[in-house]
Amino acid sequence: MRVVLAEDLALLRDGLTRLLEAFEFTVVAAVDNGPSLLPALLEHRPDVAVVDVRLPPTFTDEGLQAAIEARQKIPGMPVLVLSQHVEPLYARELLTDRAGGVGYLLKDRVANVAQFVDSVRRVAGGGTAMDPEVVSQLLARHSSPLSGLTTRERDVLELMAEGRSNGAIAAKLFVGEKAVSKHISSIFTKLGLPPSDDDHRRVLAVLTYLNA
Amino acid sequence: MDSRDWIRDGARAVAGGLLAVPLAVVNIPLFAFFVVGLVLTPVLGIGLLLFPLMTLLIRARADVARRLAAGRGVTIVRPYRPRPDGVVFGSLRYYQWLVTDPATWRDVAWLLPGALAGLVLGVLSLALPAYGIEGILLIPLWIWLGTDSYGYGMFWPIETIGEGFLSLPQGALILSIGIAAAPYLRRFDALFNRLFLAPTRAAELRMRVSRLTATRADTVDAQAAELRRIERDLHDGAQARLVALGMTIGLAEEIVDADPATARKLLAEARESSTAALVELRHLVRGIHPPVLAERGLEGAVRALAMALPMPVTVTTELPGRLDTPVESAAYFAVAEALANAIRHSAAGNGAVELWHTGETLVMRISDDGRGGADPSRGTGLDGIERRLAAFDGTMSLSSPPGGPTVVTMELPCVLSSPKTLPSSGTG
């Protein structure tokens, strides 16, 4: 799989390149600033872009802006955004096009290599990888509509909002996949969301609901 | 202003004129005893007591004039130097404090001209309405007192009964002129007093310097405390965790050949410990300067903040550019603190933040629909906001009647820079 990487700190850029290449990704371009990111994305059209939010020269949110712009030009181009901090506000901006193939993770998550690589693959496949920290902040805002959910349903909702598949949720909660899909349909009924079989669309529906 | 307000304002001004006359008279003994006190200082030492006493009485009298002027929309700032610490009444240094303050002498210089102006303007604002009332009541007075050789207004003496009755409209006219003029006379009096009782330019600057000194000391203290807190957090938190991390990895390195299973366990531990260190650092950074503030400016940061709050908060902004970083930071933390207070104390269901810039001043209004009754003298939250803003000459005002709503309005004088050109340092 071909990756475009944008990270200004050499240490992290090299580390990420090494990590991704060890898992059979090919880093076709690794840029260290905002202005050269968009041309690189448009030129290489990678299977997935891994982008730091804050890049030179302004050190604001150039990476995020470039990612959003690239997705306007190439709809659905998978982008995984990394940052030292996560904001539900940025998550909302990334999700507005409802196209899927979006990831937004704390840089810390790189430490868990297997999980990180799984997230990159999921985003490349059109899925979602939302940081648990974003999800928990979103859930905190919706304490009243979510109070109707059981504890187990909340756990399922949390993992689903992170973008995990039924199988992954089942494994994490030590229950069967059947039980997970039962919980999910119950959650959708309780929140008044239209049912959907497509995993990715389901996740987007939940995130859109939480982000509203 | 409708006619009822107009009459009420005029009547109040006439009453002010009535008060002005005795107040003007009070000036004269004040002046006399002040001079006595001053003269007796070298002779008997009585002046050490009398002079300060008279000065304080004069200041009290001047304060009355200032308060009356404020009622007429004329602001007269108190110009006096603050009393040095530990200086007591009757001591030589107390005497010195008063005698060296130019405002003392300006007050004294005001006493006699002020008395004259007060007397003349006071009598004038009383005499006109009084004369008007006399004209209105002239016929009844005639009937009651039975006098017939009497003149009024245009007619001296009144020769026909027709001229007698004409005193009524004349009186009404003079009364309305008197009532209309009274507020202007009061205002004129206030403006005259301001010539003497307001601080001179030098005194104004001196007051500003002492205010700046105080707010600077506050700011420096607050920043030093903040740095100490950061140092302690780093020392006990991230730094300690990194030491432990190095140790764990070193240990894993030692035993990796002999006991790979344990080495792997140690490495997993090390990874967890690095995550914990990062979490702590992130919290610390957020407290120093929230990353979203650096990335998005005040508007974006306040929106992000509102999204993270457990209460729905609407954010309305009209900021055509970005603020200087220090001002932006102060404004952000002030808004954050005000919102935190609203959530902690108001039991509100909804909140609102409005931000706009007038060209000279950033205005921040935070309101909630909670129970109100917030008191800035209790609790440190609002007090802290005030200090934070004071460093930039900012102000805060609070309206929180019992039952709500609570509205905190904060103003920060500042300029806007052109949109999104502010580079900041660091990395995301």
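Predicted model: local features only at pLDDT ≥ 70, side-chain atom pairs only at ≥ 80, totals over all residues.
Mentor: Residues are numbered from 1 along each chain as its sequence is written, and chains are lettered from A and ligands numbered from 1 in the order in which they are written.

Trainee: Why is D52(A) called buried?

Mentor: A residue is buried if 20 or more other C-beta atoms, placed from the backbone, lie within 10 Å of its own, exposed if 12 or fewer, and partly exposed in between. D52(A) has 28 other C-beta atoms within 10 Å, and therefore counts as buried. D52(A) lies in strand β3 (residues 48-52) of chain A. UniProt, in an unreviewed entry, lists D52(A) for "modified residue: 4-aspartylphosphate"; such annotations may be inferred rather than shown by experiment.

Trainee: What makes A32(B) buried or exposed?

Mentor: A32(B) has 12 C-beta neighbours inside 10 Å, so A32(B) counts as exposed. A32(B) is found in helix α1 (residues 3-44) of chain B. Its C-alpha atom is separated by 9.6 Å from that of M54(B), 22 residues apart along the chain. M54(B) is among the buried residues of α2(B), which also include F51(B), I58(B) and L68(B).

Trainee: How is the span of helix α2 of chain B judged, and what is it set against?

Mentor: Helices (H or I, at least four residues) and strands (E, at least two) are DSSP runs, numbered from the N terminus. The expected span of a helix is 1.5 Å times one less than its number of residues. Helix α2 (residues 47-71) of chain B has 25 residues, for which 36 Å is expected. The span from its first C-alpha to its last is 35 Å, close to that value. After α2(B) comes G73(B), whose phi is positive, near 80°.

Trainee: Why is α8(A) described as roughly perpendicular to α11(A)?

Mentor: Axes are lines fitted to C-alpha atoms, for helices over the stretch in contact, and angles run from 0 to 180 degrees between N-to-C directions. Angles under 35 degrees count as roughly parallel, over 145 as roughly antiparallel, 65 to 115 as roughly perpendicular and the rest as oblique. The axes of α8 (residues 151-161) and α11 (residues 199-211) of chain A come within 9 Å and cross at roughly 105°. That angle makes α8(A) roughly perpendicular to α11(A).

Trainee: How many residues does each chain give to the contact between chains A and B?

Mentor: Chain A gives 22 residues and chain B gives 23. On the side of chain A that touches chain B, α6(A) gives the most, with three residues. That side divides into eight nonpolar, seven polar and seven charged residues.

Terms used
Contact = placed C-beta atoms within 7 Å. Nonpolar A, V, L, I, M, F, W, Y, C, P; charged D, E, K, R; others polar.
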